Amino acid sequence: MKGVPIMIKKNTKTDPENDKNYLTVEEFNTIRRMDFPKDFLDFLEIGFRTGLRAADILNLKKENVKLKKDDNGNSTGRIHGTALKTKSQTPINIKLDQISLSILKNRLENTKSDFLFFNRSGDSYTIEYFKKYFRKAFDQLYPDVKFHKSIHTIRSGNRKFLEMYNVNHSEIEFRQCLTIYGPTYTYMAEQSASVNAINKYLK
């Protein structure tokens, strides 16, 4: 419940899930229910669900979100664009789960800026804004110890989550914009295993 301090007992000797290299599902589910600004919480949701780099989330513009109806009349969507900070300028092609779709659709309908994550001036947020709240989240998670994780562990948490539910390695690489797709493009673009796992286990 928002407004109520929530703690996770940390014991690195007996709990291997507390790995500094990735955000665990338990930590994600706890932080997303904390009383923080909506922009930060939406950033957290999109990052953990899509596996996009933080810089790419902050660079998202209206034109990067493509919405349509499927054969059953249900809304679907994808993020399209070009990944930043990659030598190959890898394309972004991520199929959205239900909650990510809802978040981005709401931002499309209500934003007055070209950017989907923007400050009062209409400019894209700097990563420092989100780092501040991510650090505060860990202060609440582990109040008895100085334990924090890099904001980039949100992305690696997505990878760990998908691996836990046996999503094909190539599909994970595809969603995280780490590969040039080649002959597997059509199969990878579907991303049904990833989206099904996210919709089922990250409600």
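This is a predicted model: local features need pLDDT of at least 70, side-chain atom pairs count only at pLDDT 80 or more; totals for chains, interfaces and linings use all residues.
Reader: How many salt bridges does a search of the whole structure find, and which residue pairs with Lys95?

Author: The search of the whole structure finds 12 salt bridges. Lys95 pairs with Glu190, and the closest N and O atoms of that salt bridge are 3.2 Å apart. Lys95 lies in strand β3 (residues 91–95) and Glu190 in helix α8 (residues 185–190), so this pair ties together parts of the chain that are 95 residues apart in sequence. Glu190 counts as partly exposed, because its relative accessibility is 40%.

Reader: Where do Glu163 and Arg159 lie, and how many residues apart are they?

Author: Both residues lie in helix α6, where Glu163 and Arg159 are 4 residues apart, about one turn of the helix. Their side chains meet in a salt bridge, with a distance of 3.8 Å from N to O. Glu163 is partly exposed, since its relative accessible area is 36%, whereas Arg159 has a relative accessible area of 17% and is therefore buried. Elsewhere, salt bridges that share partners join Arg32, Glu45, Arg49 and Asp97 into one network.

Reader: I would like to step back to the chain as a whole. How many helices and strands does the protein chain have, and what percentage of its residues are buried?

Author: The protein chain has 9 helices and 3 strands. Read from the N terminus on, the elements run α-α-α-β-β-β-α-α-α-α-α-α. Of the 203 residues in the protein chain, 46% are buried.

Reader: How should I read two helices that pass each other, and at what angle do the axes of α2 and α4 cross?

Author: Two packed helices are described by the angle between their axes and the distance between the axes. For helix α2 (residues 38–50) and helix α4 (residues 98–110), the axes come within 10 Å and cross at roughly 135 degrees. The two helices, α2 and α4, are therefore oblique to each other, and α2 passes α4 in a left-handed crossing.

Reader: At what angle do the axes of α2 and α6 cross, and is the crossing left-handed or right-handed?

Author: The axes of α2 and α6 come within 6 Å and cross at roughly 40 degrees. This pair, α2 and α6, is therefore oblique, and α2 passes α6 in a right-handed crossing.

Reader: Turning to the backbone, what should I make of phi, and what is the value for Asn166?

Author: Most residues other than glycine have a negative phi. Asn166, a residue other than glycine, has a positive phi, near 60 degrees. Asn166 is found in the loop between α6 and α7, and Asn166 is exposed, because its relative accessible area is 68%. Gln191 also has a positive phi, near 55 degrees, and is found in the loop between α8 and α9 (192–201). Gln191 counts as buried, since its relative accessibility is 0%.

Reader: Which residues make the nonpolar surface patch, and where is Tyr165 placed?

Author: Met164, Tyr165 and Tyr201 make a nonpolar surface patch of about 280 Å². Tyr165 is placed in the loop between α6 (153–164) and α7 (169–175), and Tyr165 counts as partly exposed because its relative accessibility is 32%.

Reader: Finally, in which strand does Gly77 lie, and how many residues separate Gly77 and Val65 in sequence?

Author: Gly77 lies in strand β2 (residues 75–82). Gly77 and Val65 are 12 residues apart in sequence, and in space they are 6.9 Å apart from C-alpha to C-alpha. Gly77 counts as buried, because its relative accessibility is 6%.

Terms used
Residues are numbered from 1 along each chain as its sequence is written. Side-chain values use heavy atoms; hydrogens and water are left out. Patches are made of residues with over 30% relative accessible area and no salt bridge: like charges are joined within 9 Å, nonpolar side chains (Val, Leu, Ile, Met, Phe, Trp, Tyr) within 5 Å. Accessible areas come from the Shrake-Rupley method with a 1.4 Å probe; for residues, only the protein chains shown count as cover. A salt bridge is a side-chain nitrogen of Lys or Arg within 4 Å of a carboxyl oxygen of Asp or Glu. Buried means under 20% relative accessible area, exposed over 50%, partly exposed in between (1.4 Å probe, protein chains only). Axes are lines fitted to C-alpha atoms, for helices over the stretch in contact, and angles run from 0 to 180 degrees between N-to-C directions. Angles under 35 degrees count as roughly parallel, over 145 as roughly antiparallel, 65 to 115 as roughly perpendicular and the rest as oblique. A crossing is left-handed if the near helix is turned anticlockwise from the far one by less than a right angle, and right-handed if clockwise.
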